[in-house]
Amino acid sequence: MKMNGARILLESLKREGVDLVFGYPGGTVINLYDELMNVREIRHILPRHEQGGTHAADGYARATGKVGVAIATSGPGATNTITGIANAYMDSIPMVIITGQVPTPLIGNDAFQEVDIIGITRPITKHSFLIRHAKDIPTIVRKAFYIARSGRPGPVLIDFPKDVQISQAEFKWPESVEIRGYKPNLEGHQKQVEKAVDMLFVARRPVMYVGGGVILANAAAELTELARTLQFPVTTTLMGLGAFPENDPLALKMLGMHGAYAANMAMTHSDLILAVGARFDDRVTGKIATFAPHAKIIHIDVDPTSIRKNVRVDLPIVGDTRDVLVKMIDCLKGQTEKVTAQHSAMEAWHEDISGWKAKHPISYKQSTSVIKPQYVIQKLRELSEDDAIMATDVGQHQMWTAQFFEFNQPRTLLTSGGLGTMGFGLPAAMGAQAAYPKRQVICVCGDGGVQMNMQELATLVQHRLPVKIVVLNNNFLGMVRQWQELFFDKRYSQTCLELPMDFAKIAEAYGAKGLKADKPSEVEQVIKDGFAHDGPVIMEFKIAREEKVLPMVPAGASLNEMVLNA
Amino acid sequence: MQHTISVVVENEFGVLARVAGLFSGRGFNIDSLSVAPTSDESLSRITIVTRGDDAVLEQITKQLNKLVDVIKVLDFSEDNAIERELALIKVAAEDESRAEVLRIVDIFRAKIIDVTPKSYTIEATGAPAKINAILDLLRPLGLKELVRTGSVAIGRGAKGWKG
């Protein structure tokens with residue numbers, strides 16, 4: 001059957017199982033939006049800014065594991081998606097971004113609302129396509145989704161000129177697609193797995209270092225099984241939180257710049273690091289020269305470029321982390337005696353770790369007069385549902401959430417790890433809530449970041465998305481202020497947000513609910529009221545203004561050189 | 001250390017930009033780059049001369065392989081490949097130096113492809129070291145203009161890529 005290009009694209013999205021898109025109309029996608037009225041199976045959420053829409057698609061993808069879809073018009077619509085695309089690229093989030101483009105004959109002529117969005121996004125997309133003929137649309141869409149979700153996932157951009165949206169072609173859905181230059185290596189090499197298991201058995205001070213790759217590969221259950229079988233302690237990166245239950249005695253919690261003392265000490269003293277879906281980011285390793293000086297490193301990752309990019313690796317295993325973990329578990333099954341022997345050989349190591357955990361647990365000084373942000377996070381955990389989804393923005397509140405909100409399930413933390421995007425939290429929570437209307441979705445923000453995409457409050461209200469927004473308000477850009485306090489002689493250059501905002505009033509203005517607490521005694525009630533409200537809420541907490549995120553490994557220092565009290 | 005990398009890519013618009021952008025974005029060096037279609041018109045072959053230690057070379061190869069449009073990456077060394085470059089050299093040639101230029105051209109088995117009363121234009125091919133050598137000899141005579149293609153390389157015998 002012949003149909004126009006716009007319809008072919010929408011039919012192709014349907015074939016890919018897309019039932020929800022986040023998009024913003026405009027001149028070069030007006031035909032696409034016109035056709036959308038005829039396609040009932042695809043729900044559309046209208047953000048108030050394309051950046052919000054892109055982060056929402058990202059949040060949707062993080063929470064569900066499916067490919068998030070965002071639509072924007074050409075020119076400024078397209079450029080507004082850039083931060084969202086870069087954010088998804090850095091955290092390997094599967095996403096397809098569809099941008100309108102000026103009609104093909106005008107491309108390159110500086111037409112109204114024309115930008116070379118493929119050129120602009122080339123370094124921040126996994127791949128991109130310009131559609132030139134309507135007949136190519138199904139194959140391009142199929143390829144785009146396949147590339148976005150397979151291997152190391154990432155964002156793929158499809159640029160869709162207006163004339164192609166109008167032109168007619170036959171809709172033929174390809175049964176399969178072949179991309180000769182793209183063959184992700186998913187199968188872990190059996191011999192390498194066996195070598196790795198031999199190394200595990202001789203380790204006396206092993207640590208499992210787990211990243212977001214485990215969550216992306218849906219391998220949290222396998223990872224947990226492997227860790228418990230071996231009785232290896234587990235530390236996770238920020239992106240890996242939720243891959244291993246933090247309430248498990250083997251959990252060391254997060255490592256790195258604001259990681260737990262026990263986690264960083266364990267890495268430093270380890271004789272074997274089993275890295276799974278993690279990429280040895282500089283926020284994790286600290287000073288490379290002194291990183292894990294005694295450890296042999298086994299690195300499991302689906303992306304060969306992650307291996308030996310930052311640190312030496314003794315045994316690489318390229319493959320889907322789930323596939324490799326399953327093979328490791330299978331390999332251990334025939335060797336129960338060795339596993340048992342290994343358990344007793346690690347007793348001293350487990351004692352060391354218990355000692356570190358007891359010596360400097362993640363903690364803070366409670367106050368009766370002023371609200372401590374860590375207290376709010378603890379109360380949120382206590383009062384929220386077990387499967388609540390937590391989105392954060394970027395900064396101090398993000399680190400406090402990582403430290404004090406216990407993550408026990410995968411895909412329950414949506415946070416901007418690689419790019420560190422302020423303004424991510426609110427729209428990401430919006431995307432997760434749209435995917436799971438019945439689940440509790442909480443967004444913890446600072447007073448800085450929440451204002452970067454605050455317009456999405458309107459979207460929450462319009463689409464009845466009951467996100468619970470928590471604003472930890474210290475009237476500062478807190479993380480930068482903390483660095484200024486510690487490393488710049490308290491010269492608070494441009495980090496004080498002088499204007500005392502009333503976030504509750506802003507919520508009310510949008511038709512959401514606004515609540516606030518000034519004193520520690522009010523915290524619990526505000527959270528209870530906020531959670532009980534059937535709709536979007538801002539809960540504002542006036543927190544201790546100069547509270548710091550501790551412990552901290554100063555930039556460029558070794559992991560074991562932690563500032564514990566400052 | 002200098003390396004010659006041969007990259008077989010989809011012959012489509014934008015692919016060269018992806019490869020070049022990868023090098024600039026990640027701070028890898030390009031000493032020379034040449035590109036043209038292969039015998040299979042749907043493929044192009046890019047030859048890049050780059051430099052870096054083993055770790056950098058490993059990253060370059062892996063990052064290139066990661067690009068969706070890259071079909072194959074070959075890292076050539078002296079013993080498994082042959083490398084050639086073409087240079088067009090315009091050199092001042094007046095009075096007694098005219099004969100000297102001709103002698104140099106003869107020794108290097110190069111060709112004169114354009115002649116004026118004041119200059120010769122020479123076409124020279126060979127390994128980059130040979131091109132450098134002829135240039136060293138011509139330079140004192142008055143090098144007016146130089147255009148080099150950059151290296152292309154092909155694997156010896158069974159080594160390489162079919163197509």
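# The contact between chain B and chain A

Me: In this predicted model, how many residue pairs are in polar contact between chain B and chain A?

Reply: A pair is counted here if both residues have pLDDT 80 or more. Between chain B and chain A, the number of residue pairs in polar contact is nine.

Me: Which element of chain B gives the most residues to the side that touches chain A?

Reply: The elements that give two or more residues to this side of chain B are helix 1 (15-25), helix 2 (54-66) and strand 4 (70-76). The greatest contribution, six residues, comes from helix 2 of chain B.

Me: How many residues of the side of chain B that touches chain A are charged?

Reply: In total, 20 residues of chain B are in contact with 19 residues of chain A. On the chain B side, seven are nonpolar and five are polar, while the charged residues number eight.

Me: Which residue of chain B forms a salt bridge with A:Asp303?

Reply: Three salt bridges are counted between chain B and chain A. In one that involves A:Asp303, the closest N and O atoms are 2.7 Å apart, and the partner is B:Lys66.

Me: What share of the area buried between chain B and chain A do carbon and sulfur atoms give?

Reply: The area buried between the two chains is about 1,600 Å². Of this area, carbon and sulfur atoms give 49%.

Me: How far apart are the end C-alpha atoms of residues 3-118 of chain A?

Reply: An unreviewed UniProt entry annotates this span as "domain: Thiamine pyrophosphate enzyme N-terminal TPP-binding". The span is 41% helix and 18% strand, and its end C-alpha atoms are separated by 26 Å.

Key
Residues numbered from 1 in each chain as written. Chains lettered and ligands numbered in written order. Predicted model: local features only at pLDDT ≥ 70, side-chain atom pairs only at ≥ 80, totals over all residues. Heavy atoms only, no water. UniProt positions renumbered as here; feature names shortened; annotations may be inferred. Helix = DSSP H or I, 4+ residues; strand = E, 2+ residues; numbered from the N terminus. Contact = heavy atoms within 4.5 Å. Buried area = accessible area lost by both parts, 1.4 Å probe. Salt bridge = Lys/Arg side-chain N within 4 Å of Asp/Glu carboxyl O. Polar contact = N/O pair within 3.5 Å; in protein donor to acceptor, adjacent residues only side chain to side chain. Nonpolar A, V, L, I, M, F, W, Y, C, P; charged D, E, K, R; others polar.
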